[in-house]
Amino acid sequence: MSLYDSLGVRKLINAFDTATVYGGSRMSSGVLDAMAEASKCFVDLNELHEKAGRRVAELTRNEAAYITSGAAAGLLLAVAACMTGNVVEMLDRLPDTSGMCNEIILKTSQKIAWTVCARQTGAKLVAIGTKSTATEAELELVIREKTAAILYFAGVFPETDGLPLEKVIEVARRHRIPVIVDAAAQIPPVENFWRFTAMGADLVIFSGGKGLRGPQCSGLILGKKELIAACAANGSPNCRIGRASKIGKEEIAGLLTAVEEFVHADHEQIRKKFEEWIQHLREELSSSGQIALSAIYRDSPGITYPRARLTLQNGKTKAEVVAQLRDGNPSIVVDGNDESGNSILLNFFNLNESELDVVIGRLKEILAGGR
Ligand SMILES: *Cc1c(COP(=O)(O)O)cnc(C)c1O
């Protein structure tokens, strides 16, 4: 009996996404082995952080890197670093930011839930523009002595609101203000490891437990040496603002291995495999006459692997199908939040072939009117 069975916890087939609530992504055996290996003896965490960070920086073509317990922790540490720099008195004082540059500018359209991690440091968020627009002039207007950084979420569209990242970086450079890019879920494509820093971003954040398939509690900050040092100074094992988001030696080893595997992986091959799966789904499901199937890609920057959109025709609503998949045995989670109509989205990233067959079988049963 597995641990989950003994607890009475339902196992899920995850055709949704690399969502934290469903457990993120699957680690490779290489990553798991690295974690087991790392657990066998003791090391000085500061030394491991420094040397593993250096290796990650090389692999990702960056000046420096810091391994965190997640992209959320990365946000916290990056914002803290831009306020404190390497000044000990300030490092020791957070989240009391009195007298510091403590304002973080962002677009109203990008005031997403994760910004709580920026606020945890004591920083104050200053939002510009509306839910769909922002301009250079609005940005210029709020930059002042107290500005610590500009925060930009690379995965939040539209990119076409009048203030793209290129423009933000140009303005920030003029005022000598650092730009933090949260690109947590923007891996793959692998080029994003160096694309944003090459554009001029000072710190770029990635999740380790999403597209990278590293440990669920891991993440990365890439960027400028001095700011990365300030991230480390704010982070564990130091008893400072980042202490509650500590990462252990096992996750550091796992994340480093995941980055190594990722930069050498054949992503084109993975994309082709998922395209074949979409064709297989089409063959299996189209005879029902109740589904129209299309492949969708998110525009750059974003995940480059295709997903499948199943549009339900003359039959059930997407809410019914999502609930039936979720309540069945085995339980299957899919994305029912597609705004394009009565359709559900399947993400193949966390599926293996036998799980794909289970998903197809259940969909056939449901479309045939069964439960
Ligand atoms: C997922 C995500 C995070 C959090 O990542 P974790 O690695 O789970 O901490 C932060 N920001 C954005 C934009 C994300 O999509």
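Okay, one term to start: a polar contact is a pair of N or O atoms within 3.5 Å; inside the protein, one has to be able to donate a hydrogen and the other to accept it, and residues adjacent in sequence count only if both atoms are side-chain atoms. What we have here is a predicted model, where local features need pLDDT of at least 70, side-chain atom pairs count only at pLDDT 80 or more, and totals for chains, interfaces and linings use all residues. Numbering runs from 1 along each chain as its sequence is written, and side-chain values use heavy atoms, leaving out hydrogens and water.

So, the ligand. D182 brings a polar side-chain atom to 2.7 Å from a ligand nitrogen. On the backbone side, a polar atom of A71 is 2.8 Å from a ligand oxygen, and a backbone N or O atom of A72 lies 2.9 Å from an oxygen of the ligand.

Now the rings. Rings of Phe, Tyr and Trp (for Trp, the six-membered one) pair if their centres lie within 6.5 Å; planes under 30 degrees apart are stacked, over 60 edge-to-face, and the rest tilted. How many aromatic pairs does that give? Eight. One of them is F193 with F206, edge-to-face, at 5.3 Å between centres and 80 degrees between planes. F193 is buried, at 1% relative accessibility, and so is F206, at 0%; buried means under 20% relative accessible area, with a 1.4 Å probe and protein chains only.

Then there's F274 with W277: centres 5.5 Å apart, planes at 50 degrees, so that pair is tilted.

Methods. Buried < 20%, exposed > 50% of the residue type's maximum accessible area, 1.4 Å probe, protein only.
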